[in-house]
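Please walk through this model from its overall fold down to individual residues.

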Amino acid sequence: MTATTETPVTRKAPRPRADALRNRERIVAAAREMFVEFGCEVPLDEVARRAGVGNATVYRNFPDRDALVREVVCSVMDRTVRAAEQALNETGDAFEALERFAHAAADERISALCPMISSTFDQSHPDLEDARRRVESLVVQLMDRARAAGQLRDDVEYGDLLVGVAQLSRPPAGTGCMSADRFVHRHLQLFLDGMRAPARSVLPGSAVTVEDLRR
């Protein structure tokens with residue numbers, strides 16, 4: 001009698017249920033809102049309350065605060081990547097595409113990411129590094145295209161744009177975060193107008209590069 005060898009059955013990992021995915025998305029959305037408003041030290045039970053889920057659901061998805069902060073940061077970076085990709089795919093005015101990206105990035109409140117990235121987890125985490133590289137590459141392409149069209153001044157770089165967007169989307173001291181929103185896009189447009197070529201003044205210092213931001 002010939003022995004037969006059974007082929008092991010490969011079992012696919014079960015897909016998360018639709019309601020579980022929705023709960024996770026609601027937690028991340030609520031955390032993003034509250035981190036922007038109150039900082040990343042906001043109590044996680046408050047995040048759960050705003051998301052409309054129980055505390056256990058938050059901890060089932062995110063075992064600690066760092067995991068939730070990282071997910072929020074990467075989700076914002078992913079949306080920023082999509083905004084840059086959309087702008088890069090546009091075939092019209094190159095500077096207007098760059099402007100649309102800048103306004104979309106301001107809507108993501110990227111200024112709120114800075115203290116979270118610097119204070120809560122490893123800046124070299126693979127998820128963060130991947131998202132950061134994609135943003136950098138796409139925005140540099142947007143700026144190079146506008147510069148090649150003669151629309152972007154020669155003495156500005158990626159870091160100048162991102163620092164400007166971050167600073168102008170940050171609420172002034174002593175004001176509520178949401179109450180300052182009505183000023184963001186007005187002042188951002190003033191800043192963007194200053195980046196247009198031809199340059200009307202000599203900027204102090206040197207252009208801020210990707211490497212400068214990483215130091």
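**From the overall fold to single residues**

The chain has 10 helices and 0 strands, and read along the sequence it therefore follows the pattern α-α-α-α-α-α-α-α-α-α. The coordinates come from a predicted model, and the values given here are to be read with that in mind. Of the 215 residues in the chain, 40% are buried. Among the contacts in the chain with a separation of 6 or more, 74% are accounted for by residues 24 or more positions apart.

Helix H1, which covers residues 18–38, packs with helix H4, which covers residues 65–89, at an angle of about 90°, and the two axes are 9 Å apart. Because angles from 65 to 115 degrees count as roughly perpendicular, H1 is described as roughly perpendicular to H4. On the H1 side the contact is made by Arg-24, Ile-27, Val-28, Ala-31, Arg-32 and Phe-35, while H4 contributes Leu-68, Val-69, Glu-71, Val-72, Ser-75, Val-76 and Arg-79. Sorted by class, this contact of H1 with H4 has 8 nonpolar, 1 polar and 4 charged residues. The spacing of such residues along a helix can be read with a general point in mind: an α-helix has 3.6 residues a turn, so residues three or four places apart point the same way.

Helix H1 also holds Glu-33, a residue that counts as partly exposed at 37% relative accessibility. The side chain of Glu-33 makes a polar contact, at 3.3 Å, with the side chain of Arg-50. These two residues are 17 residues apart in sequence, and their C-alpha atoms are 9.4 Å apart in space.

The UniProt record, in an unreviewed entry, places the feature "DNA-binding region" at residues 43–62. In the model, the span of residues 43–62 is 75% helix and 0% strand, and its end C-alpha atoms lie 14 Å apart.

Further along H4 comes Ala-87. At 2% relative accessibility, Ala-87 counts as buried, because the term is applied to residues under 20% relative accessible area. If neighbours within four places in sequence are left aside, Ala-87 is in contact with Ala-97, Phe-101, Leu-142 and Arg-145. Ala-87 and Ala-104 are 17 residues apart in sequence, with a C-alpha to C-alpha distance of 9.9 Å.

The next element to consider is helix H7, residues 126–148, where Arg-132 has its place. Arg-132 counts as buried, at 14% relative accessibility. The C-alpha atom of Arg-132 is separated by 8.8 Å from that of Cys-74, although the two residues are 58 residues apart along the chain.

How do H7 and H8 pack, and what is the angle between them? The angle is about 105°, with the axes of H7 and H8 10 Å apart, and the two helices are therefore roughly perpendicular to each other. Val-135, Glu-136, Val-139, Val-140 and Met-143 of H7 make this contact with Tyr-158, Leu-161 and Leu-162 of H8. By class, the contact of H7 with H8 has 7 nonpolar, no polar and 1 charged residues.

Helix H8 itself is largely enclosed by the rest of the structure, because 8 of its 11 residues are buried. The buried residues in H8 are Tyr-158, Gly-159, Asp-160, Leu-161, Leu-162, Gly-164, Val-165 and Ala-166. Tyr-158, Leu-161 and Leu-162 have already been met in the contact with H7.

Ser-169 is buried, with a relative accessible area of 1%. A polar atom of the side chain of Ser-169 lies 3.2 Å from the backbone oxygen of Ala-166, and Ala-166 is itself one of the buried residues of H8.

The last stop is the loop between H9 and helix H10 (210–214), which is the place of Pro-198. The peptide bond from Ala-197 to Pro-198 is cis, with omega near 5°. Val-202 also has its place in the loop between H9 and H10, and Val-202 is exposed, with a relative accessible area of 78%. Val-202 and Asp-155 are 47 residues apart in sequence, and their C-alpha atoms are 8.7 Å apart in space.

How values were computed
Residues numbered from 1 in each chain as written. Predicted model: local features only at pLDDT ≥ 70, side-chain atom pairs only at ≥ 80, totals over all residues. Heavy atoms only, no water. Axes fitted to C-alpha atoms, helices over the stretch in contact; angles between N-to-C directions. Helix = DSSP H or I, 4+ residues; strand = E, 2+ residues; numbered from the N terminus. Parallel < 35°, antiparallel > 145°, perpendicular 65-115°, else oblique. Contact = heavy atoms within 4.5 Å. Nonpolar A, V, L, I, M, F, W, Y, C, P; charged D, E, K, R; others polar. UniProt positions renumbered as here; feature names shortened; annotations may be inferred. Buried < 20%, exposed > 50% of the residue type's maximum accessible area, 1.4 Å probe, protein only. Polar contact = N/O pair within 3.5 Å; in protein donor to acceptor, adjacent residues only side chain to side chain.
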